[in-house]
Amino acid sequence: MCAICGCDDHLEHVHADGTRHRHAHPHEAHHHEPHHHEHVELEARVLAKNDALAGENAAWLERHGVVALNLMGAPGCGKTSLLERTIRALEPGSLAVIEGDQATANDAERIRAAGAAVVQVNTGTGCHLDAVMVARALAELAPRPRSLVAIENVGNLVCPALFRLGEHRRVVVLSVAEGDDKPLKYPHMFRAADLVLVNKIDLLAHVDFDVERAIGNARAVNPGVQALRVSARSGEGLEAWYRWLRLEGLRDRAERRFEDPGHAARIER
Amino acid sequence: MHELGISRNIVAIVGEAAKGRRVRRVTLEIGKLSGVVREALEFSFGLVAQGTPAAGALLEIREIEGRARCAQCGAEFGVRDFLAACACGSRHLAHIAGEELNVKSVDLED
């Protein structure tokens, strides 16, 4: 196909003005009047706007002394169940949630019933959360200083990996019902992760899922990634997850205080 | 199908540059490790561009091969995916090319 006019360059074709001919290159021979156009070099990063807004979200979180997690995973991998259980286990008020789904407020209702503040974002046709949606949700959620915000992304192992939200950490939930080769099939998602939670380990006796192989596959695309085995249903392994949350939350805040001793005092006001 | 959202970003960037003029061609640089599917991008760009200065514009996509540098021994080499390992055995690689997602240039009508 001709890259300039889009017509098929080896077939005879008819133009709007009725002329009929075969495509003849160069294009001056083909176009009936010369087109003048200006070539403008842009060198613009396509995701620059989202990344800039994600940077603003990160600054907002910093100012408010809040640590944010981007919680990702396939539909049905147990993200919401994990959050429900986590909310009940942590100190009341220490975890607030932004729920991303294409439709319904079902998950927000579950989170509210578990006792946490929550804002539901419905993306409509969108397959991922972006930084604008999270900025609006954070303003509405108004998390309290020194709290954690879990941003539950739309269930999807592809699209959310490309869109930064301003989060401090990225957690990917992989359930044993999905298959241990998922990190190889969805490398972008696992490459972006700080922590992989292998969930539903209470089902291991019923599925052909090799946890070692799954974690090995995650490390093949992301050598430094941490991994924990949990069951949001039975509670197995969750103590290690809570410890990770406390460590990550505290470590981030401690780092900030170390860099800027006035920070903690300011966020108290 | 994040290509739809990416197309919206492309059309916004191009629309700003066009300043009301018609866009004849949009040249993109897409790294082969960027996680963007060329066909999905072409399809969604056509849809999103409708009713904008980029309507009917040709999309020229230049694909960029992946390259990595080994964090262990410093060797540089081509990579086709994120599973590559260095000849020295290390998997700790910095990807130095192949993740591009850029609007390189536009051609505007006078």
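In this predicted model, 13 residue pairs, both members at pLDDT 80 or more, are in polar contact across the interface of chain B and chain A. Three elements of chain B, namely α1 (3–18), β1 (23–31) and β6 (101–109), each contribute at least two residues to the side of chain B that touches chain A. The largest contribution to that side comes from β6(B), with nine residues. Sorted by class, the side of chain B that touches chain A holds 14 nonpolar, eight polar and nine charged residues.

**Extent of the interface**

Contact between the two chains involves 31 residues of chain B and 30 residues of chain A. The size of an interface is often given as the accessible area lost when the parts come together. Between chain B and chain A the buried area is about 2,900 Å², and 59% of it is given by carbon and sulfur atoms. Of the area that chain B buries against chain A, 20% is supplied by His2(B), Arg24(B) and Phe82(B), more than by any other three residues.

The rule also finds four salt bridges across the interface of chain B and chain A. One of them joins the side chains of Glu41(A) and Lys104(B), with an N to O distance of 3.5 Å.

Strand β3 of chain A, residues 37–45, pairs with β6(B) in the antiparallel sense over seven bridges. Within this pairing, His39(A) has Asp107(B) of β6(B) as its bridge partner, and His37(A) stands opposite Glu109(B) of β6(B).

The pair belongs to an open sheet of four strands with mixed pairing, in the order β3(A)-β6(B)-β1(B)-β2(B). Because β3 of chain A and β2 (58–64) of chain B stand at the edges with a single partner strand each, one side of each is left without a neighbour in the sheet. From one strand to the next, the twist averages 15°. Helix α2 of chain B, residues 38–49, lies across β1 and β2 of chain B and runs at about 160° to β2(B).

**The parallel sheet of chain A**

Chain A also contains an open sheet of seven strands with parallel pairing, ordered β6-β5-β7-β4-β8-β9-β10. Its edge strands, β6 (118–122) and β10 (226–229) of chain A, each pair on one side only. Neighbouring strands of this sheet are turned against each other by 20° on average, direction ignored.

| Strand pair | Sense | Bridges |
|---|---|---|
| β3(A) and β6(B) | antiparallel | seven bridges |

Key:
Residues are numbered from 1 along each chain as its sequence is written. Chains are lettered from A and ligands numbered from 1 in the order in which they are written. This is a predicted model: local features need pLDDT of at least 70, side-chain atom pairs count only at pLDDT 80 or more; totals for chains, interfaces and linings use all residues. Side-chain values use heavy atoms; hydrogens and water are left out. Contact means heavy atoms within 4.5 Å. Buried area is the accessible area (1.4 Å probe) that two parts lose on being put together, summed over both. A polar contact is a pair of N or O atoms within 3.5 Å; within protein, one must be able to donate a hydrogen and the other to accept it, and residues adjacent in sequence count only if both atoms are side-chain atoms. Ala, Val, Leu, Ile, Met, Phe, Trp, Tyr, Cys and Pro count as nonpolar, Asp, Glu, Lys and Arg as charged, and the others, Gly among them, as polar. Two strands pair if DSSP finds at least two bridges between them. Axes are lines fitted to C-alpha atoms, for helices over the stretch in contact, and angles run from 0 to 180 degrees between N-to-C directions.
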